[in-house]
Amino acid sequence: MSLAFHKFHEGPIIRLRWTTQTDLQSRVAVGVGARQHLVECLAQLKVGKRVLLLYPSALAATWGEEIEKLLDQSDYQVSVLQMPDGEIGKSLECLSEIWDTLQLHCLDRTDTIVALGGGALTDLAGFAASTYLRGINLVLLPTTLLAQVDAAIGGKTGINLISGKNLAGTIYTPQAVIVDPAYLSTLPTRDFTSGLAEVIKYALLENTIAGASEYKIGPRRFFDILSESLPNINEEDSVEHIHPLLPGIITSCIKMKLATVAADLREANLRRCLNLGHTLGHALEKVSDYKLAHGEAVAIGLVFATRLAVKKNLIGEEALNRLTTLLEDVSLPLEIPGEYDKQAISQSMLHDKKRAGEKIKLILPKGEIGSVDYSYEIPTSEIAHCL
Ligand SMILES: NC(=O)c1ccc[n+]([C@@H]2O[C@H](COP(=O)([O-])OP(=O)(O)OC[C@H]3O[C@@H](n4cnc5c(N)ncnc54)[C@H](O)[C@@H]3O)[C@@H](O)[C@H]2O)c1
C-alpha cells in the first residue's frame with residue numbers, strides 16, 4: 001500500500017494527514033490543547049452520532065473526567081466504559097465487554113470508538129474497533145509518551161493471550177489520532193523516561209528512514225536536537241508549562257513512524273528497522289519478569305547494538321560515546337543489571353521472531369548516527385559471547 005502524506009500548520013497545532021490509495025483518510029494532530037478539539041474532529045470526520053468512550057480506570061479522575069465533560073457538551077450520544085489499567089486490560093474478557101457494550105448501545109459502522117490512554121488501552125481499543133462489525137471508526141488520544149510516538153501510530157492493534165503478549169492482533173488505521181503533550185504532565189517520571197528511549201531510537205534511524213520513504217530530514221539532525229534539548233526536558237513540566245520543544249520532538253517521531261509504515265505497512269522491509277534495540281530489549285523485559293520498563297530494556301538494547309556495530313567496524317566509537325552520553329543525560333540505563341542471568345537472556349534472544357536457522361537478524365547502526373543496516377545476520381553461537 002502506498003500512502004501519501006502532507007502536513008499543514010494551523011496555530012500551535014501541527015496536523016499531519018495521509019490518504020491511502022483506497023481513499024481511507026487518517027489524520028494526526030499534535031499540539032498542547034489538541035485534546036480540546038475532539039468534538040470538532042468528530043464533526044470533520046462526519047461520523048455517526050454514537051460514541052463509545054474508553055479509558056483506563058486509573059485515568060478516571062483526571063483526563064477521563066475532562067473528556068467526558070467535553071463530550072457531554074456536544075450532541076453526540078456517549079457511552080463510557082472504564083477498562084482495567086495496563087496489560088490486564090489487553091484481555092479477551094475486556095475485548096468481549098467492549099463488543100457487548102457496542103451492541104448494547106446500538107453502535108453501527110458509522111459510529112466511533114474514542115480511546116484515551118496509554119499503549120495498552122490504544123492496542124485494545126484498536127483491536128475492538130477493527131473487529132466489531134468488521135470495522136468501526138476509531139479516534140485515539142494517546143496519553144503516554146510511548147503511545148504518542150509509537151503505539152497509537154502505525155495501525156498495529158493487539159491483545160494478550162494466556163500463552164503470551166500481543167499474540168492476537170490486527171492492522172487497522174484509526175481515522176484520527178489526537179496527540180496532546182499536556183497529557184504527559186501527569187505521567188510518572190519513570191514512564192516518561194522510558195518513552196524517551198523510543199524517541200532516541202528514532203534519532204538512530206533518521207537517515208535510513210529518509211532514504212527509503214517520504215520522510216525528509218530537517219535543517220538539523222534529530223540526534224543533535226535531542227542531545228541539546230532532552231537534558232532540559234523533565235517531569236517538572238506541567239499542563240501550563242510543557243517544554244516548547246516537546247511537541248516538535250513528538251511530531252518528528254510521528255513523521256518517521258508514518259513514513260516508515262507508509263513505505264512498508266506489513267513489516268516486510270523498512271519497518272523492520274523500528275526493531276532497533278528490541279531483540280535484546282524484549283529478552284531483557286521477559287527475563288526481568290517485566291520489572292525493567294520497556295524503554296529501559298530498549299535503551300540497553302540500543303547500546304548493545306551500537307557496541308556490536310563498533311566491534312564489527314560498522315560504525316565509529318564516537319557514535320557509541322554520543323549515544324551513551326545522551327542516554328545517561330536522561331537517566332536511562334546502559335548496561336544489563338547484574339542480577340539478570342546472561343545465559344537466560346541469550347536463550348530468550350534466540351527465541352526471537354527474527355531468528356532464521358542458525359542466524360539471527362539484528363538491526364545494527366552503520367556508517368554514521370542515523371543510519372542502520374536492518375538485515376545484518378549474526379550466527380546464534382555469537383550471541384552469548386557478544387552479551
Ligand atoms: N501497537 C503498537 O504498535 C505498539 C507499539 C509499542 C507498544 N505497544 C503496546 O503499548 C503498551 C505499553 O504502552 P504504555 O507504555 O503506554 O503503557 P500503559 O498503557 O500500560 O500505561 C502505563 C501506565 O501509565 C498510566 N498512564 C497513562 N497515561 C497517563 C497519564 N497521562 N498520566 C498518568 N498516568 C498515565 C497508565 O494508567 C498505566 O498505569 C504495551 O501493551 C505494548 O505492547 C504497542
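In strand E9, glycine 164 is the bridge partner of leucine 161. This pairing belongs to a predicted model, in which strand E8 (residues 159-161) and strand E9 (residues 164-168) run antiparallel to each other and are linked by two bridges.

**Overall architecture**

The chain contains 14 helices and 13 strands. Of its 387 residues, 48% count as buried. Among contacts in the chain with a separation of 6 or more, 71% are between residues 24 or more positions apart.

**The ligand shell**

The ligand is surrounded by 26 residues, and the closest of them are Gly118, Gly119, Ala120, Thr143 and Thr144. By residue class, the shell comprises ten nonpolar, nine polar and seven charged residues. Two helices, H4 (119-131) and H5 (145-151), each contribute at least two residues to this shell.

**Glycine 119**

Glycine 119, which is among the residues closest to the ligand, is found in helix H4. Glycine 119 counts as buried because 24 other C-beta atoms lie within 10 Å, and the threshold for that class is 20 or more. Apart from its neighbours within four places in sequence, glycine 119 is in contact with Thr144, Leu146, Ala147 and Ala151. Of these contact partners, Thr144 is also listed among the residues closest to the ligand. A further spatial relation of glycine 119 is with aspartate 150: the two are 31 residues apart in sequence, and their C-alpha atoms are 8.2 Å apart.

**Glutamine 347**

Helix H13 (residues 342-350) contains glutamine 347. Glutamine 347 is classed as partly exposed because 14 other C-beta atoms lie within 10 Å, a count that falls between the limit of 12 or fewer for exposed residues and that of 20 or more for buried ones. The C-alpha atom of glutamine 347 is separated by 8.3 Å from that of alanine 384, a residue 37 positions away along the chain.

The two C-alpha separations are set out below.

| Residue pair | Separation in sequence | C-alpha to C-alpha distance |
|---|---|---|
| Glycine 119 and aspartate 150 | 31 residues | 8.2 Å |
| Glutamine 347 and alanine 384 | 37 residues | 8.3 Å |

In summary, glycine 119 is a buried residue of helix H4, whereas glutamine 347 is a partly exposed residue of helix H13.

Terms used:
Residues are numbered from 1 along each chain as its sequence is written. This is a predicted model: local features need pLDDT of at least 70, side-chain atom pairs count only at pLDDT 80 or more; totals for chains, interfaces and linings use all residues. A residue is near a molecule or strand if its C-beta atom, placed from the backbone, lies within 6 Å of it. Helices (H or I, at least four residues) and strands (E, at least two) are DSSP runs, numbered from the N terminus. Ala, Val, Leu, Ile, Met, Phe, Trp, Tyr, Cys and Pro count as nonpolar, Asp, Glu, Lys and Arg as charged, and the others, Gly among them, as polar. Two strands pair if DSSP finds at least two bridges between them. Two residues are in contact if their C-beta atoms, placed from the backbone, lie within 7 Å.
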